[in-house]
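Here is a short briefing on one protein model.

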Amino acid sequence: CLLRTGHIEDSLSVALEALPLCLGRGAIRLASQLYAVHLRNADRLGLAPAVVLDISDELRRLGDLTASERAYMKILDANPGETRPLKGLLQLAENHLQAQEYAEAARIYEALIGRCGDSPFAVHMQEGLAEARRRMAKAS
């Protein structure tokens, strides 16, 4: 692969051509995988926030929780009032709780509280954080 051999610009060029084709043909899974590979340079891909949110959702469904979280956070940071990335991140935290990854869940809840503490979802974030901490304490 071009990216692994250090050809970042060439890899981005291919992704810039491939992503619109994937998205235009409904191949969101492939588009999501391309996006995840280029996450460090995602801003250069020029995707609309709504598309990045669809990709984030798909990455979560595919189990790539790290890439999904980073994509959601990029959108949330750029659009602090947007609820869809917030809801996606809350779902990610829940996924971590279900997988008994309590520290990861707590980290996401803490990040959300720091970024969106005045959100209508603040109570849910606080409750999720308390639950993650309770489960961490019980597990240790």
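Predicted model: local features only at pLDDT ≥ 70, side-chain atom pairs only at ≥ 80, totals over all residues.

The protein has 140 residues. Its secondary structure comes to seven helices and zero strands.

**Overall build**
- From the N terminus on, the order of elements reads α-α-α-α-α-α-α.
- The C-alpha trace spans about 50 × 30 × 25 Å along its principal axes.
- Of the 140 residues, 39% count as buried.
- The protein exposes about 7900 Å². Carbon and sulfur atoms supply 52% of that area.
- Take the contacts in the protein with a separation of 6 or more: 53% of them come from residues 24 or more positions apart.

**Geometry of the α3/α4 pair**
- Two packed helices are described by the angle between their axes and the distance between the axes.
- Helix α3 covers residues 49-62, and helix α4 covers residues 65-78.
- Their axes come within 8 Å. They cross at roughly 155°.
- Angles over 145 degrees count as roughly antiparallel, so α3 and α4 are roughly antiparallel to each other.
- The crossing of α3 past α4 is left-handed.

**Residues at the α3/α4 contact**
- Which residues of α3 meet α4? They are P49, V52, L53, S56, D57, L59 and R60.
- On the α4 side, the partners are L65, A67, S68, A71, Y72 and I75.
- By class, the residues of this contact divide into nine nonpolar, two polar and two charged.

Technical notes:
Residues numbered from 1 in each chain as written. Heavy atoms only, no water. Axes fitted to C-alpha atoms, helices over the stretch in contact; angles between N-to-C directions. Helix = DSSP H or I, 4+ residues; strand = E, 2+ residues; numbered from the N terminus. Parallel < 35°, antiparallel > 145°, perpendicular 65-115°, else oblique. Left-handed = near helix turned anticlockwise from the far one by under 90°. Contact = heavy atoms within 4.5 Å. Nonpolar A, V, L, I, M, F, W, Y, C, P; charged D, E, K, R; others polar. Buried < 20%, exposed > 50% of the residue type's maximum accessible area, 1.4 Å probe, protein only. Areas by Shrake-Rupley, 256 points an atom, 1.4 Å probe, with all protein chains shown as cover.
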